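Welcome, and thank you for coming along on this tour. Please open your viewer, and we will go from one selection to the next together.

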Amino acid sequence: MREQTGAVEAHRGRDVLIELQISSERARDLSPEEVRGALVDAADVIRTLKIVLERTP
């Protein structure tokens, strides 16, 4: 989706997708709050990219 929209990646130290992958790999060791945070971050990125994609001609 990023490629389709031409969206520039945020200059964060770690991409939310990498964080989600790591969280899924160690899900048994995470607190419910950490799991929720990872899912909320991923949902936010997907929602934002979808909005941008829908506005892109």
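**First stop: a pair to select**

Select K50 and E54: these two form a salt bridge, with 2.6 Å between their closest N and O atoms. A salt bridge here is a side-chain nitrogen of Lys or Arg within 4 Å of a carboxyl oxygen of Asp or Glu. Both K50 and E54 belong to helix α3, where they sit 4 residues apart, about one turn of the helix.

A word on what you are looking at: this is a predicted model, in which local features need pLDDT of at least 70 and side-chain atom pairs count only at pLDDT 80 or more, while totals for chains, interfaces and linings use all residues. Residues are numbered from 1 along each chain as its sequence is written, and side-chain values use heavy atoms, with hydrogens and water left out.

Is E54 buried or exposed? E54 counts as exposed, at 56% relative accessibility, and K50 is partly exposed, with a relative accessible area of 44%. The cut-offs are these: buried means under 20% relative accessible area, exposed over 50%, and partly exposed in between (1.4 Å probe, protein chains only).

**Second stop: another pair in the helix**

The structure holds 2 salt bridges, so please select D44 and R47 next. What is the distance between the closest N and O atoms of D44 and R47? For this salt bridge it is 3.9 Å. D44 and R47 lie 3 residues apart in helix α3 (residues 32-55), about one turn of the helix. With the surface still on, D44 is partly exposed at 39% relative accessibility, and R47 is partly exposed at 47%.

Move to helix α2 (residues 16-25) and select S23. S23 is buried, with a relative accessible area of 16%. Which residues does S23 contact, leaving aside its neighbours within four places in sequence? Show L30 and A38: S23 is in contact with both, where contact means heavy atoms within 4.5 Å.

**Last stop: the whole chain**

Zoom out and colour by secondary structure. The protein chain has 3 helices and 0 strands, in the pattern α-α-α along the sequence. Helices (H or I, at least four residues) and strands (E, at least two) are DSSP runs, numbered from the N terminus.

Of the 57 residues in the protein chain, 16% are buried. The chain exposes about 4,800 Å², with carbon and sulfur atoms supplying 54% of it; accessible areas come from the Shrake-Rupley method with a 1.4 Å probe, and for residues only the protein chains shown count as cover.
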